[in-house]
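This report goes through one protein model, starting from a single residue and widening to the whole chain. Keep the sequence and the coordinates open while reading.

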Amino acid sequence: MSDNPSKLKIALVVAFYMVAALIMVFVNKAVLNSSPNLPLLMLLIQFIIAVICLHLSAIFSSKIEIPRQLMSLEKFKQLAPILIVNVVGLTFNTLCLRGVDASFFQIARGLVLPLTIAVQAIDAKTAPPIPVLAAAATVTVGFFLGIAPAPASEAAATSSGSGAVALVWGALSSLMTAVHAVLIKRSLPYVDNSAIQLAYWTNATAALMLLPFVFFNGEVASVWVGLGYGQFIDPIAAGVSHPGAVITPPKWDWQTFVFGCLVTGVVGFLLCVAGLLSIKITSPVTHMFSSACRSVLQTLLGVWIFHDILNVNRVSSITVILGGSMYYTWVKAKDTAASQAHRQYPKDDVEQGLLMQPRVSNDDADSSVTMFEAPDDDEPKHENR
């Protein structure tokens, strides 16, 4: 049998990836719209589901090896940077999605590619080649096109879906994504170069880290009140004009929240699996073009489902960002083709397929589940790290 995947298999993998990514964005957005005061609880549930899915995968597949012992204090210290950056970045990502339209989300996080190039260049102490800088500059221009003030006739319609605070969350999330890509290389040796074990620890510890903040942020109390078991006292009204003023909160749509969290938790895990399949079966260019198609669909579905408003700035921004991203993909694919040609890995080697094949696009922000892919292998290596 030929080692080359059939066109049908490639098409199915691409479709699987696109559908999973779109479901993640829109169901997450629906959950955040129905329960905007519960972003951390939503993330917590998704992390827990990811850990459960990893355990179930280990039961049914011997290729999935998860840790059998508790994390030691020494290993926690070694992995602390990536564990913290992971949970902080995904929190910023969720807050960004809560504050912007679904169609504007990809613009709000449009600095992922330029920041990733910059952070990796600083880490490698090497200037990126001119074509890579050109791609980064193009994407950056696209980002600023999207956040530029709209004409007066369109400003009122679009301002509610692109708030300044949400843009800050998006920029910080993009920076965390860039730092995360560098930290993966430094963290893998501490888990025997096992991407599966690193994914397990990041999801498990993220759940533990988020748990106290869910309480401190008042989200457990919000659930309690939303279910009708308590009342909310407005501190301003209670201390100023109406002592002890009790506010009756709007009825909480808990069904959307619970069902949405379950769906995104499972689909987020499947999205990571789809990403791994995409690495193994499709080419980087194919993956990038499928991502571009997904971005267009995401924009159109955002208009249809959530009645997002598109203006010239947003359409131009998405077009320029996609153009710069595809150009970057083409440049990196050319650079890595020669070095990858002589590498042969067993088809069923999950760890090798995950760790050693470079991915030249970064559009996994839709998933709160943390799995890992290899950073580009063409950067200079420093033996003293």
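## Val-258 and the basis of the model

Val-258 is partly exposed, with a relative accessible area of 38%. On this scale, buried means under 20% relative accessible area, exposed means over 50%, and partly exposed lies in between, with a 1.4 Å probe and protein chains only. Val-258 sits in helix H12. Its C-alpha atom is separated by 9.2 Å from that of Ile-45, 213 residues apart along the chain.

The model is predicted: local features need pLDDT of at least 70, side-chain atom pairs count only at pLDDT 80 or more, and totals for chains, interfaces and linings use all residues. Residues are numbered from 1 along each chain as its sequence is written, and side-chain values use heavy atoms, with hydrogens and water left out.

## Overall make-up

The protein chain has 15 helices and 2 strands. Both are DSSP runs, numbered from the N terminus: helices are H or I with at least four residues, strands are E with at least two. Of the 385 residues, 48% count as buried.

Take contacts in the protein chain between residues at least 6 apart in sequence: 84% of them join residues at least 24 apart. Contact here means heavy atoms within 4.5 Å.

## Annotated spans

The UniProt entry, which is unreviewed, carries the annotation "transmembrane region" for residues 12-32, 38-58, 79-100, 130-152, 164-183, 195-216 and 257-279. UniProt positions follow the numbering used here, feature names are shortened, and annotations may be inferred rather than shown by experiment.

Two of these spans can be set against the model. Residues 164-183 are 100% helix and 0% strand, and the end C-alpha atoms lie 29 Å apart. Residues 195-216 are also 100% helix and 0% strand, with 32 Å between the end C-alpha atoms.

## Nonpolar cores

How many residues does the largest nonpolar core have? It has 31. Leu-41, Phe-47, Val-100, Leu-210 and Phe-257 have the most contacts inside it. Such a core is a set of buried Ala, Val, Leu, Ile, Met, Phe, Trp, Tyr and Cys residues joined through side-chain atoms within 4.5 Å.

Several helices give two or more residues to this core, including H1 (7-34), H2 (39-60), H3 (73-99), H8 (164-187), H9 (195-216) and H12 (254-281). H2 gives the most, with 6 residues.

## The H5/H6 pair

Helix H5 (residues 112-124) packs with helix H6 (residues 130-147) at an angle of about 145 degrees, and their axes are 8 Å apart. Axes are lines fitted to C-alpha atoms, for helices over the stretch in contact, and angles run from 0 to 180 degrees between N-to-C directions. The crossing of H5 past H6 is left-handed: the near helix is turned anticlockwise from the far one by less than a right angle, whereas clockwise would be right-handed.

H5 brings Leu-113, Pro-114 and Ile-117 to the contact, and H6 brings Val-132, Ala-136, Val-139 and Thr-140. By class, this contact has 6 nonpolar, 1 polar and no charged residues. Ala, Val, Leu, Ile, Met, Phe, Trp, Tyr, Cys and Pro count as nonpolar, Asp, Glu, Lys and Arg as charged, and the others, Gly among them, as polar.

## Positive phi in loops

Lys-125 is in the loop between H5 and H6. Its phi is near 55 degrees, a positive value in a residue other than glycine. Lys-125 counts as exposed, at 71% relative accessibility.

Asp-192 lies in the loop between H8 and H9. Its phi is positive too, about 55 degrees, although Asp-192 is not a glycine. At 67% relative accessibility, Asp-192 counts as exposed.

Is Ile-318 buried or exposed? It is buried, with a relative accessible area of 9%. Ile-318 belongs to helix H14. Leaving aside neighbours within four places in sequence, Ile-318 is in contact with Ser-103, Gln-106, Ile-107 and Thr-299. The C-alpha atoms of Ile-318 and Phe-143 are separated by 8.0 Å, with the two residues 175 apart along the chain.

Ile-305, in helix H13 (residues 284-305), is partly exposed, with a relative accessible area of 42%. Ile-305 and Ala-30 are 275 residues apart in sequence, yet 9.7 Å apart in space, C-alpha to C-alpha.
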